[in-house]
Amino acid sequence: MQAGGRLVVGIVIVLALSALLPPHLNGNWVHVLTLFFMMSSLAQAWNLIGGFTGYASFGNVTFFGTGAYACAYAMDAMRWPFWTAALFAVVVAAALAALLGWPILRLRGHYFAIATLSIAVGMQALVAQQEPFGKGSGMTLPINPNFHFFYWVMLGILIVSILLTAFIARSRFGYALVAIRENEEAAAVLGINAARAKVAAWAISAAITGAAGATFAYWNTFIDPPTVFDLNYNVLMIIMTLLGGAGTIVGPTIGSFILSAIGEYLGAQSISPWHTVVLGAIIVFIVILLPRGLMPYLTGGLRAFNLGALRAQLRASRV
Amino acid sequence: MYAAAAVGFSLVWGIMNVINIAHGTFIMLGAYTSYWLFVGPLHLDPFLSIPLSMLVMFAIAYVIQRFIINQVIRAPMLATFLLTFALSIMIANLAQIFWSSDVRSITTAYSGSSLAVGGLTIPWVRLWTLLVAVALTLGLQTFMTRSKIGRAIRATSMDVDAARLSGVGVAGIYALTFGIGGALAGAAGALASVSYAITPTMGDAFVVRAFIVSVLGGLGNVTGALVGGLVYGVIESFGALFFGEGYKDVVALAVLLLVILFRPYGLVGRATA
Amino acid sequence: MSFANDRHHRLFAFLSGITAAAVLAASGAAMAPRPAAADDVITFGAALSATGRDAREGALTKEGYDFWKDYINSQGGIKVGGKMYKVDIKYYDDASDPATSAKLVERLITQDNVKFILAPYGSAATFAASAIVEKYQVPMVDPNGAAEKIFNQGYHYTFAILSPAKKYLQGILELGQTLKPRPTTVAVLAANDQFSLEVADGIRDYAKKNGFNEVFYSTYPPDTQDVATLLTQVKAQNPDIILGSGHLQDSLLIMRAAKDQNVQSKIIGFSVGPSTPDFITSLGNDSNGVMGGAQWTITLNYTDPLFGSAARYTKMFEAKYNHVPDYHNAESTAACETFQFALAKAGDLDPAKVRDALAALDIDTFYGKIKFDSRGVNIYKPMAVEQIQKNAHVTVWPAEAANAKAEYPLQQWGKR
C-alpha cells in the first residue's frame with residue numbers, strides 16, 4: 001500500500017505537470033496525448049464497476065455515446081455553451097446508468113456481460129433512428145480550432161477520475177464495492193446495501209465516461225452512431241485495465257499508457273494488417289502471462305517477479 | 001442460418017464456460033474453405049464441402065484450445081473473453097493478408113431458385129440450410145447423449161474435478177469440445193458461403209447474433225440454440241414489419257434483455273435450482 | 001499437471017515469443033526503404049482503411065493513388081515552378097475508424113511535415129479529417145467522401161472532385177424518363193448512414209419533381225445481414241424501379257434476396273456495388289441488367305493531358321493491376337492529378353498558394369471536368385449510369401457518353 005500510494009501521488013504529479021506541455025509539442029503529440037488521456041479516463045471509469053465491484057460491463061461505451069450525443073444536441077440544437085452542455089451530458093449519462101442499473105445489476109457474470117453488451121448495441125441502433133439526432137447521418141458541432149483546449153479538458157477528466165478512484169478506494173463506499181466483488185451475499189450480511197452501492201458505482205463510472213464522450217464530440221466536431229458507440233472502445237477499456245491491474249487506483253492509466261505507446265509505435269510503422277496481428281498477439285501474451293496486470297511489478301519491483309509463482313499460477317489456470 | 005452459427009457457440013459456452021468471440025472468424029474460415037473448394041479444380045458444391053470444412057475447422061479449433069486457450073481456461077471469464085477477442089482480430093487480419101479484402105461469393109446453379117408452396121416462396125438455399133442445421137443439431141444431440149465421448153464431455157461440464165478423478169483427460173475433452181464447436185462453425189461457414197458475401201470481416205456480424213440466439217435458447221442447450229435461432233429470425237422479421245426495418249435490431253435486443261431478466265435459463269429451458 | 005505438459009508449455013511460450021519478435025522486426029523492416037525526404041521529392045499523405053470494415057474500398061483507393069505515383073515518377077516527376085520533383089505518398093492505416101483518420105492526418109501534417117493531403121475513404125472519415133486540415137491550413141483533395149454535409153461547414157481547404165451524393169442515382173431516373181413504356185413507380189432502400197441517406201434524399205426529391213410515384217421507402221441498418229423482410233414489402237408494391245443506396249455488401253444481399261423471392265422490377269439500380277469488379281464475379285449472370293450510378297466509367301470519352309484519355313488510362317491500369325479500374329480507382333488517381341495541376345499552376349509548394357490554385361482550377365481530365373464551387377464541391381461533372389450487359393460494364397447514360405443502349409425492361413430472373 002505504501003509503494004502503491006507513492007505511485008499514485010507520483011503519477012498524479014506527472015500528469016498535472018504535463019498540463020504545461022502543449023505549447024512545446026507539435027500537433028501530432030498533442031493529439032496522441034489527448035487520446036491517451038481520453039482512453040485512460042475511460043479505463044479508470046470502467047475500473048470502478050469492472051475492477052472494484054467485479055461487474056464486467058460491456059456496455060460502458062453506451063455512456064460514451066450518450067455523453068457525446070447529449071453534448072452535441074445541447075450545443076447544436078439548444079445552442080448551449082460547451083461547459084453547460086458537458087455538464088448536461090454528464091448528468092444524462094449518470095442518470096441513464098442509474099436507470100438501467102436497477103434491473104441490470106441484479107444479473108451476474110455472463111448474464112450481466114450480455115445484458116450490457118446488448119444495451120450498447122441496442123442504444124446505437126435506437127439513436128440511429130431518431131430524427132433529432134440526425135438518424136444515421138450523425139450530428140455536427142461548432143468548431144473549436146484550439147486543440148490545446150481539448151488536451152486540458154481530457155487531462156482534467158483523467159486527473160479527476162484518478163483522484164476520485166483514490167478517494168473511493170479509501171472510503172467506506174470503496175470497501176463496500178470490494179466486499180461485493182469478493183462475496184455479494186456476505187457483503188449483504190455485513191449490512192451493505194449492495195444494490196445501491198452497485199448502482200452508485202456504475203453511475204459514477206458513467207458520469208466520467210459521459211464527460212469524456214462529450215469532450216470527444218466537441219473535439220471531433222462530427223459524430224455518428226458507429227463512431228461513438230464503437231464496441232472497440234469498450235474492449236480497449238477492459239484490456240487497458242487488465243494490463244495495468246484491475247481494482248487498483250492507477251492501474252488503468254498505466255495499462256492505457258503502455259497499450260497506447262505500443263499502438264502508436266506499431267501504427268506508425270506500416271499500413272499492412274500485420275500491425276493489428278501483432279497487437280492481437282500482445283494481448284494474448286498479456287492475458288496468459290499477466291493475469292493480475294502490471295501493478296504487482298510496479299509496486300513490488302523485481303521482487304514480485306517470481307518465476308515459480310508465475311508457473312504455479314499458470315498451472316492453476318490450466319486443466 | 002442463425003441457428004447453425006449459434007449451435008457451436010452455445011456448446012462451447014455451456015460446456016467450457018468460454019465465450020468464444022473468435023467463433024465468427026471460425027465461420028469466416030469455414031466459408032473460405034468452401035469457397036476455395038468451389039473455385040478449385042474439384043468444383044465442390046458448398047453443401048458437399050460441409051464435411052471437409054468441418055474437418056478443417058475441427059483441427060484448427062482443437063489446436064487453438066489445446067495450446068492457447070487452455071492456458072487460462074480456469075481463470076475468470078474475462079480472461080478467456082479477451083483471449084478469444086485477441087485471437088479473432090489476429091485471424092481476421094491474417095485472412096486479409098493471405099486472401100486480400102476482395103469481396104467473394106459463391107453462385108451455384110440453384111442459387112435463387114425457390115420452392116413455391118401456396119402463396120409462399122421458399123428459396124431452396126434457405127430450405128437446405130435449415131435442414132442441414134436441424135441435422136447437425138440432432139446429430140450433435142445424439143452424440144452428446146449416446147456416445148462415450150459425449151457423456152465424458154457432459155460429465156466434465158458438470159464437475160471438472162470429479163470427471164478427472166474418474167479418469168477423464170480434461171484437457172483433451174476440452175480441446176475436443178472446442179474442436180466440435182469449431183467444426184460446427186465450419187459447417188455454418190459453408191452454409192453462409194452460399195448466401196453471404198465472403199470477406200475477412202464477415203464473421204463479426206454473426207458473433208452478436210450467436211450471442212443472442214444462445215441466450216434465447218439457453219446456454220449449452222443444443223436443441224435450444226436451434227429453437228433460439230428460429231425465434232430470433234421470427235422476431236427480426238416481425239420487428240422489421242411492425243416497427244420498420246431500422247428498428248429490427250432494437251426489438252431483437254429488447255426481447256433478449258427481457259429474456260435475460262425474466263427467463264435467464266432460455267426460452268425452452270427450465271429453471272434448475 | 002505432468003512434467004511433460006510443463007515442458008510443452010515452455011516450448012510454446014518460447015516459440016510464440018520468437019514469432020512475435022520476428023513479426024515486429026519484419027513489420028519495421030518492410031517500411032524502412034522509403035525515399036529520404038530530399039528536397040526534390042514532394043510527399044503527399046493519406047490515412048487509408050487498410051484494415052477493418054472499409055478495407056476493400058481502401059485498397060481500391062490506394063491502387064488509384066499508387067498508379068499515379070508510379071506513372072508520374074516513371075515520367076520523371078512533376079514540374080513545379082520550373083523544377084522537377086519526384087513524388088511520394090506516405091500512408092497510414094486508419095482501421096476504418098474516423099477518429100483514427102483525424103489523428104493520423106494530424107500526424108502526417110505535424111510530424112511528417114506533409115503539406116498535401118489525399119483524403120481517407122468514406123464520408124465520416126473525410127469529415128473528421130477536414131476539420132484537421134482546416135486548422136493547419138493544408139489543402140486536402142477528396143476523391144470519395146461524397147456527403148455534402150462535409151462542405152456545408154464553411155471549410156476552405158477541402159476539395160471534393162467527385163459529384164455530390166445527391167446526384168448518385170439521379171441519372172437512372174433521368175434515363176427512366178426517356179424509356180418506353182415509361183416507368184413510374186419507385187421503391188427506395190437506403191442504408192442508415194450519412195452518405196446513403198443523402199443519396200436517397202436526392203432520388204426522392206428528383207422523383208417527386210419529375211412525375212415518379214414513390215411507392216416504398218425504408219432505411220435499413222448499415223451492417224444488416226438479412227433484407228428478406230424488406231424485399232417482401234417491396235414485392236407487395238410491385239415497383240417499376242428499385243433503387244438501393246448503400247454499400248457493396250448490401251447491394252449483393254438485396255440482389256440475392258430479390259432473386260430468392262422472385263422480385264421482378266423493370267429497373268434495379270444501386271449507388272455502390274455494380275461498378276466494382278466484385279459485383280459481377282459474385283453474381284455471375286444475375287448481375288446482367290443491373291444499373292449503377294458511377295462517378296466515372298471506362299467508356300467515357302474524356303481527354304486528358306496526362307494520360308491521354310480514359311481508354312488509355314484503363315489500358316495502363318489494367319496492365320498494372322490485372323483488373324479494369326472501377327470508379328474508386330479512377331477518382332483516386334484523379335485526386336492526385338488535381339493536386340498535380342494545382343501545384344503546376346501555383347508554381348510553388350506553399351500550401352496556401354496551392355489552395356488558391358485548387359479553388360480556381362478548371363481542367364478537363366480523363367475523369368471529367370474538375371472545377372469547384374465556393375464550398376469546394378465539384379458540381380460540374382455529371383454522374384454516369386452504368387449497366388451490366390453480358391457480364392461487362394457499359395455506359396448507358398448520359399446519352400452523349402453512352403456506348404450502349406439500355407436494356408429495358410429487365411429480363412426475368414434466370415434468363416439474364
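In which helix of chain B is the place of Tyr232(B)? In this predicted model, for which local features need pLDDT of at least 70, side-chain atom pairs count only at pLDDT 80 or more and totals for chains, interfaces and linings use all residues, Tyr232(B) lies in helix H10 of chain B, which covers residues 222-243. Residues are numbered from 1 along each chain as its sequence is written, chains are lettered from A and ligands numbered from 1 in the order in which they are written, and side-chain values use heavy atoms, with hydrogens and water left out.

Chain B contains eleven helices and two strands, where helices (H or I, at least four residues) and strands (E, at least two) are DSSP runs numbered from the N terminus. Read from the N terminus on, the order of these elements is α-α-α-α-β-β-α-α-α-α-α-α-α. The radius of gyration of chain B is 18 Å, which agrees with the value near 19 Å that a compact globule of 273 residues would have; this radius is taken over C-alpha atoms, and the globule rule is 2.2 Å times the number of residues to the power 0.38. Along its principal axes, the C-alpha trace of chain B spans about 55 × 45 × 35 Å.

Of the 273 residues of chain B, 60% count as buried, a term that means under 20% relative accessible area, as against exposed at over 50% and partly exposed in between (1.4 Å probe, protein chains only). Tyr232(B) is buried, with a relative accessible area of 2%. Leaving aside residues up to four places away in sequence, Tyr232(B) touches Tyr2(B), Arg209(B), Ile212(B), Val213(B), Leu216(B) and Ala252(B), a contact being defined by heavy atoms within 4.5 Å. Ala252(B) is 20 residues from Tyr232(B) in sequence, and their C-alpha atoms are 7.1 Å apart in space.

Between the two chains, 42 residues of chain A are in contact with 42 residues of chain B. The area buried between chain A and chain B is about 3,800 Å², of which carbon and sulfur atoms give 81%; buried area is the accessible area (1.4 Å probe) that two parts lose on being put together, summed over both. On the side of chain A, His110(A), Tyr111(A) and Val319(A) lose the most area to chain B, together 20% of what that side buries.

Within chain A, Glu184(A) belongs to helix H8, residues 184-189, and is buried with a relative accessible area of 12%. Glu184(A) touches Tyr55(A), Arg108(A), Ala179(A), Ala194(A) and Lys198(A), residues up to four places away in sequence not being counted.
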